[in-house]
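Please look at the sequence and the structure before going on to the questions.

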Amino acid sequence: MEYTLQQQVDGEFDDVVDRTVEALGDEGFGVLCDIDVQATFAEKLDEEFRQYRILGACNPGLAFEGLGEEIELGALLPCNVVVYEDEDGTVAVRAVDPERLLDVTGNDDLEAIGAEVHDRFERVLDSL
């Protein structure tokens, strides 16, 4: 089962990260956290790993609406977008599929929010 929306991007890794953050901003998302997995593994495990960043994206208005429908929704927020070096030399950008993610709640009142976030993430990925 696919659980991410996907895009392959040509370009320098840091440039793709910056473009992704900018595109998220254009769709109303802020990046609440930016986890550098490569640096964390190097520091904590003394292990090498490919460039890999986890961006915690949040649209405050949609998050407010979602939490109003399902108070436990915060356990699934923010929505993660990952940017990493792929084996073929391109940069992979993957966003969690919010419709799949929200399916786990069993709350039909969240369907419209999931569809809205899905559409915005698709536009983000298409813009890269």
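Q: Which strands does helix 1 (residues 13–26) lie across, and how do you know that the two are in contact?

A: This is a predicted model, in which local features need pLDDT of at least 70, side-chain atom pairs count only at pLDDT 80 or more, and totals for chains, interfaces and linings use all residues. Residues are numbered from 1 along each chain as its sequence is written, and side-chain values use heavy atoms, with hydrogens and water left out. Helix 1 lies across strand 1, strand 2, strand 3 (52–58), strand 4 and strand 5, and runs at about 160 degrees to strand 4. Contact means heavy atoms within 4.5 Å. Helices (H or I, at least four residues) and strands (E, at least two) are DSSP runs, numbered from the N terminus, while axes are lines fitted to C-alpha atoms, for helices over the stretch in contact, with angles from 0 to 180 degrees between N-to-C directions.

Q: What makes strand 1 and strand 2 the edge strands?

A: The five strands form an open sheet in the order 1-5-4-3-2, with antiparallel pairing. Strand 1 (4–9) and strand 2 (30–36) are its edge strands, since each pairs on one side only. Neighbouring strands of this sheet are turned by 20 degrees against each other on average, direction ignored.

Q: How do you know that strand 4 and strand 5 pair?

A: Two strands pair if DSSP finds at least two bridges between them, and strand 4 (residues 79–85) and strand 5 (residues 91–96) have five bridges in the antiparallel sense. As one example, Val81 has Ala95 in strand 5 as its bridge partner.

Q: Why is helix 1 called oblique to helix 5?

A: The axes of helix 1 and helix 5 (residues 111–127) come within 9 Å and cross at roughly 140 degrees. Angles under 35 degrees count as roughly parallel, over 145 as roughly antiparallel, 65 to 115 as roughly perpendicular and the rest as oblique, and therefore helix 1 is oblique to helix 5.

Q: Which residues meet where helix 1 and helix 5 are in contact, and how do they divide into nonpolar, polar and charged?

A: Thr20, Ala23 and Leu24 in helix 1 meet Phe121, Val124 and Ser127 in helix 5. These residues divide into four nonpolar, two polar and no charged, where Ala, Val, Leu, Ile, Met, Phe, Trp, Tyr, Cys and Pro count as nonpolar, Asp, Glu, Lys and Arg as charged, and the others, Gly among them, as polar.

Q: Why does Thr20 count as buried?

A: Buried means under 20% relative accessible area, exposed over 50%, and partly exposed in between (1.4 Å probe, protein chains only). Thr20, which lies in helix 1, has 0% relative accessibility and therefore counts as buried. Leaving aside neighbours within four places in sequence, Thr20 is in contact with residues including Leu55, Val81 and Val124.

Q: Is Glu27 buried or exposed?

A: Glu27, found in the loop between helix 1 and strand 2, has a relative accessible area of 15% and so is buried. Not counting residues up to four places away in sequence, Glu27 touches Asn59, Arg120, Arg123 and Val124.

Q: Why is Asp46 called exposed?

A: Asp46 sits in the loop between helix 2 and strand 3, and its relative accessible area of 70% is why Asp46 is called exposed. Asp46 also has a positive phi of about 55 degrees although it is not a glycine.
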